[in-house]
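Open the structure in your viewer and keep the selection panel at hand. The stops below go from one selection to the next.

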Amino acid sequence: MSDVKTVDQNGVADAPVKTEKQLKKEAEKAAKLEKLKQKLEKKNAQPAQPKEKPDKKVKEIKEVPVYKGNTAPGEKKDVSGPMPDSYSPGYVEAAWYGWWEKQGFFKPEYGRDLSKPNPKGSFVMVIPPPNVTGSLHLGHALTNALEDAITRWHRMKGRTTLWVPGCDHAGIATQVVVEKQLWREQKLTRHDLGREKFVEKIWEWKNQKGDRIYHQLKKLGSSYDWDRVSFTMDPKLCKAVNQAFVIMYDMGLIYRSSRLVNWSCTLRSAISDIEVDKVELTGRTPLFIPGYNEKVEFGVLASFAYKVVGSDDEIIVSTTRIETMLGDSAVAVHPNDPRYTHLHGKQVLHPFTKQALPIVCDDFVEIEFGTGAVKITPAHDPNDYEVGLRHKLPFNTIFNDDGIIIGEYGQFTGMKRFHARKAVTKALEELGLYRGDKDHAMVVPMCSRSKDVVEPLIKPQWYVKCDELAKNAIKVVKSGELKIIPEHHEKTWYHWMDGIRDWCVSRQLWWGHRIPAYHVTLKDGLCRKGFKNEDLWVIACSEEEALETATKRFNTDKDNVILQQDEDVLDTWFSSGLFPFSVFGWPDDTEDMRLFYPGTLLETGHDILFFWVARMVFFGQTLLGKLPFKEVYLHPMVRDAHGRKMSKSLGNVIDPMDVITGISLEDLHKTLEGSNLDPREIEKAKAGQKRDYPNGIPECGVDAMRFALCSYVLQGRDINLDILRVQGYRFFCNKLWNATKFAMTYFTNEEKHEVCPKQLSGDESVMDKWILSRLSYAVQACSSGFEKYEFAVTTTACYNLWLYDLCDVYLECLKPVFQSGDSKAIAAAKRTLYTCLEVGLRLLSPFMPFLTEELYQRLPRIDVSVPSICVAEYPEVDQCCWRDEQSEKDVELVQKAAKIIRSARSDYTLPNKVKTQAYIVSSDPAVSKVFQAYNQPLGTMSFCSEIQITNSPPPGCAILTLTGHCEIHLLLKGLIDPEKELSKMEKKQNDLTTSVDKLKKAMAAEDYALKVPQEVRDANSEKLEQMQTEFQRLTLAKETLKNI
């Protein structure tokens, strides 16, 4: 009924006459207001009562789920019970590994007859054997995460797959550990025990502690064939080492010679280049050196004068190691240096030995450096050694194995080398020959094991002749027969091979493969004419064979021969270089050798490309005539979050087991107290730990750590590992768990499903088709990533599929479908959802073996013939051919619209439970058609009760621009208080202005670029841009509010 209006004589309308119902309503309203007024007046008349503060709510700590199933070791885990409410790494990782191992899933024999060729091919790889001494570090964790992902992928591709585990005897490292233990527990040295007893002691230690690293590898989920595990000191591998040495000696590739080596005075042994840390100093720096109570100064360039014989002239030379002048045998100048032309052919007088030393001309001298004159000590410097050879100079060894001065050097004889440094300086000052010193940037070679300064010493050693081996190694890379990935490492390969020196393979240790060389002495003492010194060495695999060879060579009886086996052992890299075939039984013609050599891939860190990879190539080509593998993939180095090298003294070394299980800061500190760190460095390391891990390291679990490490791998870049990122993937695991748990509620107990066929039924909704298209894309991206060793591509594809496509979009869009009651739509949605879960888990399985197994076993599968996800088929592109790029573009537009609407809702502080209406105004029919088709998904994603496509939106809307042809009108009228929202926005803009000004001021500081790390500067720039964008958004929102 319409209101009745009357008009007065001036033409002005009176107020409409109200109905009885309206009058009654107004009376009730007036009564309510009066009642409220009286209540307020009464309240104001009473004195204010202090409010009692409610008790502070104590945060409820949920109990962490623990697997309590009665599962015997090696038996299958019981997953019949309900899924715990939240993801727990400990619960998920329990019991699976023992079952995998017992079922033989990791063996190449599983499910096939090895005597018959596999049409899908094979994949064979050996572990880079970790040292038996230690526990795993993050470098090992990265190696295993990558190698296991690769291995599991090949296994799921149906190939005959073998990944061989093993451990390296680690000559120096193991001997040092046991020596320290022996001294700590019994105050004995190895010499007190003798060689035989000491080696027994090491075997005893190995048998007690040596399996620890294998348990850790199993903890990481690494899918090795443990029946083929190999230790480099096993009899089988010892046989291979001896045989290789004998064969290469007989080929003329191994010889004995006195050369300059890296000598550790503390270890009393030669060490390899990889065991030398090059410590860079910018100038004068005191360092702690083993065996010295006071610090020793380095980074100093000292100058002194040599007097020219028969003249008043002098030559000033400079050195960072003034103590070695005792062993000088010449002074060198450049032949074209005009300052010294008049001294060519003359001599200088050594101030202490009184020997005349020649002045030699050599091109290696840099005219511009220092005085242009260089002291030459051939026995104690690599460059001087070469000069000494060229000019046939005496090689004066002034140090013994302990670094003590030996020889006729008067007061200096018997001094330690760095005590002699001070004494020589003082003596030169007293003679008036010292010309001062200055700070000097230099590199100090330090033994990585003993932390002693490496001393170049001339020692008789066994060498491998490398020139021809290197030429062959260059040839196979250039021809493509051996592929090095990433390609930029090829330059390093060529650089090392072109400048290669013969390889010193002997070490003065007791633990290791004793060199199969026997020195011959004849009891009758008769001199055998025509025999050189090297002929007195017999190379043989056993003493019996050596005796046989010696009697023939010297034409004498066995009783006349005394054999003394060389005391030295072989460099650890020698036995490691044989690993790709010694593990299969070479030199014997075994079935494993025929089946599994050569291997497919060698994966390792780029830092041992030369030390290990090159040696394996040398041995494979030389001893078997075949490369040991077809491809080499080199992963980057793991550094801390600040880009620093992992170092115990910095406190940034992380045990992967601590990342898996979590550790408090206090317990992190305790790990330092049990280390070999100098007590003076422990406090510094603790401070580093406190700065980087103030709350300790949270429990992340195996799967999250593996996934994080693999996601970091971008070819050509080192990894700056941030534990918070690993924790982020722990949250991702939780998301997977919750998503699967939620999805499983849509399946009844009786239902069983299978993956969608290639040809869809036609009942699928637009969102079903879209998620299947995204799944198809993920399959293609994952396959491509594995094939190209682009692990970050694969992990990103998995992450995006599960988090952004499945959880954020598809699962949300399913809710109205299951509420609709449409049986066809629900059936299609269930089939699609199951497909996403199963295929998605199989994609993830190589990276997250435990979580994917736990969830896979709970899926309502029709086909249960596949017992485990680790032997399930990896999703193939041709089986998941549902890609629809147009569908993906359409949903991308819908997601963009949903994001704009959600942002606007956030700006106007509309909670999700308050539904609004959106009106799409588009001049592009194609866009309108998309929104018509995706009306319901858009409403779900944007919390709208209604989406209309119209050209006449109602007033009271915020206008949001989607494209140049499309606007979204979001109805706000009646949902918000404009004045209140304007006030909030004003305050927010004021806060933003303050923050922006403060940040700009900090970024404008003069020393900002110098003092602030690059990653912090990048973060600040991004933060500034975000704040400025938010300010602009709020300005637009305010304008809209003013018009409502």
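Helices (H or I, at least four residues) and strands (E, at least two) are DSSP runs, numbered from the N terminus. This is a predicted model, in which local features need pLDDT of at least 70 and side-chain atom pairs count only at pLDDT 80 or more, while totals for chains, interfaces and linings use all residues. Residues are numbered from 1 along each chain as its sequence is written, and side-chain values use heavy atoms, with hydrogens and water left out.

**Stop 1: Ser 776**

Select helix α24, residues 766–787; Ser 776 lies in it. Is Ser 776 buried or exposed? Its relative accessibility is 5%, so it counts as buried. Buried means under 20% relative accessible area, exposed means over 50%, and partly exposed is in between (1.4 Å probe, protein chains only). Now show what Ser 776 touches: Cys 880, Cys 881, Trp 882 and Arg 883, leaving aside residues up to four places away in sequence. Contact here means heavy atoms within 4.5 Å.

**Stop 2: the whole chain**

Zoom out. The protein chain has 33 helices and 33 strands. Its radius of gyration is 39 Å, well over the 31 Å that the globule rule gives for 1044 residues, so the chain is more spread out than a compact globule. That radius is taken over C-alpha atoms, and the globule rule is 2.2 Å times the number of residues to the power 0.38. Along the principal axes, the C-alpha trace spans about 150 × 75 × 60 Å.

Colour by burial next. Of the 1044 residues, 49% count as buried. The accessible surface comes to about 51,800 Å², and carbon and sulfur atoms hold 51% of it. Accessible areas come from the Shrake-Rupley method with a 1.4 Å probe; for residues, only the protein chains shown count as cover. Among contacts with a separation of 6 or more, 77% are between residues 24 or more positions apart.

**Stop 3: Lys 824**

Select helix α26, residues 823–844, and pick Lys 824. With a relative accessible area of 56%, Lys 824 is exposed.

**Stop 4: the cysteines**

How many disulfides does the structure hold? It holds 0. Cys 813 is in no disulfide, and the nearest cysteine sulfur, that of Cys 836, is 12 Å away. A disulfide is a pair of cysteine sulfur atoms within 2.5 Å. Cys 813 counts as buried, at 5% relative accessibility. Move to Cys 870. Its sulfur is 17 Å from the closest cysteine sulfur, in Cys 798, which is too far for a bond. Cys 870 counts as buried too, at 1% relative accessibility.

**Stop 5: a mixed sheet**

Select the open sheet of 4 strands with the order β31-β30-β33-β32; its pairing is mixed. Strands β31 (944–949) and β32 (957–963) stand at the edges with a single partner strand each, so one side of each has no neighbour in the sheet. Neighbouring strands are turned by 20° against each other on average, direction ignored. Helix α28 (residues 885–907) packs on this sheet, touching β30, β31, β32 and β33; its direction makes about 150° with that of β32. Axes are lines fitted to C-alpha atoms, for helices over the stretch in contact, and angles run from 0 to 180 degrees between N-to-C directions.

Strand β30 (residues 916–922) pairs with β33 (residues 966–971) in the antiparallel sense over 5 bridges. With β31, β30 pairs in the parallel sense over 5 bridges. Two strands pair if DSSP finds at least two bridges between them. Which residues stand opposite Ile 920? Ile 968 does in β33, and Ile 949 does in β31. Step to Tyr 919: its bridge partner in β33 is His 969.

**Stop 6: an antiparallel sheet**

Last, select the open sheet of 4 strands with the order β6-β5-β18-β20, where the pairing is antiparallel. Strands β6 (269–270) and β20 (503–504) are at the edges, each with a single partner strand, so one side of each is left without a neighbour in the sheet. Strand β5 (residues 254–264) pairs with β6 in the antiparallel sense over 2 bridges. Finish on Ser 264, which stands opposite Ser 269 in β6.
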